[in-house]
Amino acid sequence: MPMSNKYINTIRGLELPSSQKFVLWVIADHANEKNDGLSWPSHAKIQADTGISKSTIIRSIKELEKKAILRVTRSKHFNKYQINLRGA
């Protein structure tokens, strides 16, 4: 499922550390625009797509949450991510 220009153009212009931007880019790549930016790639999938360590991915996701760019719903089986670029 290709990433929409809605996300690409905004993410490209964000001033974020490269690891955060890359993690957000991969999460956005799995997002469905019709579902308001929802996606649920695993840490392993994000790691495979980025080559970034799992600890850096987790840290990047936490920082993106603090910045209110990403909302995470955690469960036993997977995390669900919702991208919020309205305030970005």
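Q: Is Ser-39 buried or exposed?
A: Ser-39 is buried, with a relative accessible area of 1%. Buried means under 20% relative accessible area, exposed over 50%, and partly exposed in between, using a 1.4 Å probe and protein chains only.

Q: What kind of model is this, and how are residues numbered?
A: This is a predicted model, in which local features need pLDDT of at least 70 and side-chain atom pairs count only at pLDDT 80 or more, while totals for chains, interfaces and linings use all residues. Residues are numbered from 1 along each chain as its sequence is written, and side-chain values use heavy atoms, with hydrogens and water left out.

Q: Where does Ser-39 lie?
A: Ser-39 is part of strand E1, residues 38-39. Helices (H or I, at least four residues) and strands (E, at least two) are DSSP runs, numbered from the N terminus.

Q: Which residues is Ser-39 in contact with?
A: Setting aside neighbours within four places in sequence, Ser-39 is in contact with Ile-27, His-30, Ala-31, Asn-79, Lys-80 and Tyr-81. Contact means heavy atoms within 4.5 Å.

Q: What lies 3.1 Å from a polar atom of the Ser-39 side chain?
A: The backbone oxygen of Ile-27 does.

Q: And Asn-79, where is its place?
A: Asn-79 belongs to strand E3. Asn-79 is buried, with a relative accessible area of 17%. Not counting residues up to four places away in sequence, Asn-79 touches Ser-39, Trp-40, His-43, Val-72, Thr-73 and Arg-74.

Q: How many bridges join E2 to E3?
A: Five bridges join strand E2 (residues 70-74) to strand E3 (residues 79-83), and the two run antiparallel. Two strands pair if DSSP finds at least two bridges between them. E2 and E3 form a hairpin with four residues between them, and Leu-70 stands opposite Ile-83 in E3.

Q: Changing topic, at what angle do H3 and H4 pack?
A: Helix H3 (residues 43-50) and H4 pack at about 110 degrees, with their axes 10 Å apart. H3 is therefore roughly perpendicular to H4, a term that covers angles of 65 to 115 degrees. Axes are lines fitted to C-alpha atoms, for helices over the stretch in contact, and angles run from 0 to 180 degrees between N-to-C directions.

Q: Which residues make that contact?
A: From H3 they are His-43, Ile-46, Gln-47 and Thr-50, and from H4 they are Lys-54, Ile-57, Ile-58 and Ile-61.

Q: What about Ala-68, where is its place?
A: Ala-68 is in the loop between helix H4 (54-66) and E2. Ala-68 has a positive phi of about 60 degrees although it is not a glycine. Ala-68 is partly exposed, with a relative accessible area of 44%.

Methods
Polar contact = N/O pair within 3.5 Å; in protein donor to acceptor, adjacent residues only side chain to side chain. Parallel < 35°, antiparallel > 145°, perpendicular 65-115°, else oblique.
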